[in-house]
Amino acid sequence: MKKAFWLAGAAILALAQPASAGDTIKIGFVSTFSGPTAVIGNDMRNSFELALDHLGRKIAGKPVEVIYEDDGQKPDVGKQKTEKLIQSDKVDFIVGYIWSNVLLASLKTAVDAKTFLISANAGPSQLAGELCSPYVFSTSWQNDQTPQAVGTYMNQKGVKSVFLIGPNYAAGKDMLAGVKSTFKGQVVGEEYTVWPSQLDFSAELTKAKNSKAESIFVFYPGAAGVQFLNQYAQAGIKAQIPLYTAFTIDELSLPLQKENALGVPGAQQWVNDLPNAENKKFVEDYRKKYTGLRPTFYGAQSYDAANLINSAVVAVKGDTSKKDEMKAEMEKANFKSVRGPFKYGNNHIPIQNFYLQDVVKDADGQLALKTVATIVKDDQDRFHDKCPMKK
Amino acid sequence: MLVLIEQSLNGLQFGLLLFLLAAGLTLVFGIMDFVNLAHGSLYMMGAYFAATFVAWTNSFVLGILLALGATLLLGIALEFIALRHLYGRDHLDQVLATFGLILFFNDAVRLIWGPAGLSLPLPAWLTAPVQIVPGVFYPAYRLSIIVVALAVAAMLYLVVMRTRIGMLIRAGASNREMIGALGINIKLLFTLVFGLGAALAGLAGLMQAPILTVQIGMGENILILAFVIIVIGGIGSIRGAFMAAIFVGMIDTLGRAFLPDLLRMVLSSAAASTAAPALSSMLIYLLMAIVLVVRPEGLFPAAKR
């Protein structure tokens with residue numbers, strides 16, 4: 001009896017929800033909002049909200065509703081949240097995904113439901129290759145591209161040998177493979193660590209030191225990057241073997257890394273000081289709205305994702321049932337990206353520039369990232385041939 | 001050879017750090033028969049206190065000492081306010097309540113210190129690597145962790161085995177009712193033991209802080225290892241915790257260091273480097289499973305109850 005009562009109550013509540021048909025644009029946002037990497041999720045949310053502010057919180061004249069879901073950095077949770085957003089919230093777009101393994105677990109749900117998924121960070125090689133889909137777009141990169149740029153830079157510097165260290169999951173493997181694909185010198189060692197639970201890299205650092213490599217390349221996003229730089233400096237290796245990184249030093253980790261990050265070069269498709277009008281507005285307004293915080297590349301990608309959605313929905317005058325037209329519009333990349341030049345390849349992964357970034361003190365006396373040079377221009381990922389969608 | 005020495009030191013350092021965490025846990029679990037999942041939160045609080053006090057006082061040593069005291073007081077307060085009401089209850093209730101405490105501490109930290117985490121910079125005299133044998137340089141700070149942890153282990157051994165309080169603690173572990181009947185204030189004893197356990201967790205956390213980042217939830221991953229250690233070593237046994245912690249530290253580090261090369265002899269290089277980290281983290285649980293089958297009480301069980 002009691003059970004029947006609750007069931008009835010639940011049924012009424014479910015019915016009472018407003019039918020979503022057409023009066024709002026619904027966007028689901030899956031990212032990490034709890035645990036050690038919640039700062040990244042926060043930055044993505046902040047930037048997405050800022051983009052909505054800049055759009056007047058309306059897209060094609062309709063109010064926007066964003067439902068934020070926390071994946072807790074776990075693939076199974078990310079998949080559940082994706083299913084919930086698509087099946088019960090019936091969102092028009094689903095955005096976010098920091099982690100390649102979370103995205104890969106969630107991908108099929110979105111593709112099967114023909115819901116547009118926009119990855120605002122993760123770029124596993126499968127997504128660019130055999131798993132590419134008309135319903136999936138990226139506003140970031142394919143994982144290999146950034147480390148490929150680092151490898152190219154190391155060639156330019158005349159580095160002869162490298163020791164690679166990264167976490168043992170989808171993105172870690174892509175990153176190290178990316179360096180190997182462009183670096184012309186010798187790879188003397190390659191170490192993968194348990195992700196995300198391993199926090200102590202003493203064994204790997206000892207091996208790197210004893211390998212007599214001329215350089216070390218490392219990929220550790222989030223707090224793990226802070227830990228790696230700490231331990232690298234404490235072990236005294238900093239004075240002996242120079243470090244090259246991708247995604248290890250950013251505006252979130254820099255305040256914790258401080259001096260350890262000085263002189264460690266990295267590559268990125270977006271840096272806070274890129275000289276275009278959209279970017280200046282983005283960075284300035286971000287720092288105004290969220291005092292004490294600085295936007296990161298994660299945020300820049302989320303900001304672009306909001307503008308990509310806007311371009312598609314405006315093109316169909318708010319009728320989100322016209323999926324083919326929205327897809328065609330998004331393929332044109334008809335919006336101003338904060339990173340400057342931006343267009344899509346056949347697999348919906350951006351073709352874009354990668355910049356060399358360095359750590360400097362900025363006008364406020366704080367450490368900041370600075371664009372030094374363009375390493376590669378209009379770079380297309382190396383998996384686009386494997387994508388069944390051809391142009 | 002020199003690499004082996006250096007990797008063994010890495011393993012020893014990691015093991016000793018785990019010992020500090022496991023010793024506190026086994027005191028509370030073995031002696032008070034209390035399952036405290038929030039032990040990892042005390043480890044986290046130790047690290048946050050240290051980062052805060054070192055920044056306030058501008059002195060590494062003073063800040064660390066203050067943080068140690070603060071964690072001790074926090075532990076005692078926690079026992080007094082919440083946990084002593086749970087002693088008579090089922091283990092499941094204790095798990096539930098202390099799991100709630102983990103959530104509470106994580107959100108409290110987020111509220112007080114924010115989500116971004118803190119860093120605890122080392123003073124200059126601890127940053128340079130030192131030469132221990134010709135050709136082997138080892139980070140001074142990791143060396144100091146080894147020294148401090150060994151000293152604490154020795155002190156703990158002396159206190160538990162050679163003092164009256166230690167005798168009461170051991171007696172309490174064997175038979176709680178009896179020691180209560182002898183007119184010992186068991187409540188006070190428990191509070192002290194819990195405080196000591198908290199201080200040990202805090203010490204582990206604050207010593208780990210300069211190596212890692214101080215962040216929300218930092219105690220949760222490492223707590224699993226601490227539980228594995230007390231299962232391997234024997235619940236309630238300090239000696240067991242010590243031996244098992246060194247075992248686990250060594251297996252974990254040496255596995256990570258040498259397994260990839262061993263696997264490369266039979267597998268392709270790419271397969272070996274992905275399989276090795278997974279396999280080396282499994283080794284510990286494999287060891288635990290074997291110990292549970294062969295000696296369900298653990299390798300060095302405390303005196304029979």
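Predicted model: local features only at pLDDT ≥ 70, side-chain atom pairs only at ≥ 80, totals over all residues.
Buried area is the accessible area that two parts lose on being put together, summed over both. Counting contacts instead, 37 residues of chain A touch 35 residues of chain B. If you want to know where chain A gives up the most area to chain B, go to D200(A), Q234(A) and L256(A), which together account for 21% of what that side buries.

The interface of chain A and chain B has 4 salt bridges, while a search of the whole structure, over all chains, turns up 27. One to click on is the pair E6(B) and K209(A), a salt bridge with its closest N and O atoms 2.7 Å apart.

The crossing itself is right-handed. On the α8(A) side the contact is made by S202(A), A203(A), T206(A), K207(A), K209(A) and N210(A), and on the α1(B) side by V3(B), E6(B), Q7(B) and N10(B). Sorted by class, that gives 2 nonpolar, 5 polar and 3 charged residues.

Now stay inside chain B for a helix pair with another make-up. The axes of α2(B), residues 39-57, and α9(B), residues 218-233, come within 8 Å and cross at roughly 130 degrees. That angle makes α2(B) oblique to α9(B). The crossing is right-handed. From α2(B) come H39(B), G40(B), Y43(B), M44(B) and A47(B), and they meet M218(B), G219(B), I222(B) and L223(B) of α9(B). Here the classes are 6 nonpolar, 3 polar and no charged residues.

Over in chain A, helix α2 (residues 38-54) pairs with helix α12 (residues 297-315): their axes come within 8 Å and cross at roughly 35 degrees. α2(A) passes α12(A) in a right-handed crossing. Among the residues in this contact are I40(A), M44(A), F48(A) and L50(A) from α2(A), along with Y298(A), Y303(A) and I309(A) from α12(A).

In helix α4 (residues 100-112), K108(A) and D112(A) lie 4 residues apart, about one turn of the helix. Their side chains meet in a salt bridge, at 2.8 Å from N to O. In the loop between α4 and β5 (116-119) of chain A you'll find K114(A). Phi of K114(A) is near 55 degrees, a positive value in a residue other than glycine.

The other backbone detail is a cis peptide bond that joins W195(A) and P196(A), with omega about -5 degrees. P196(A) is in the loop between β8 (186-193) and α8 of chain A.

Definitions and conventions
Residues numbered from 1 in each chain as written. Chains lettered and ligands numbered in written order. Heavy atoms only, no water. Axes fitted to C-alpha atoms, helices over the stretch in contact; angles between N-to-C directions. Helix = DSSP H or I, 4+ residues; strand = E, 2+ residues; numbered from the N terminus. Parallel < 35°, antiparallel > 145°, perpendicular 65-115°, else oblique. Left-handed = near helix turned anticlockwise from the far one by under 90°. Contact = heavy atoms within 4.5 Å. Nonpolar A, V, L, I, M, F, W, Y, C, P; charged D, E, K, R; others polar. Buried area = accessible area lost by both parts, 1.4 Å probe.
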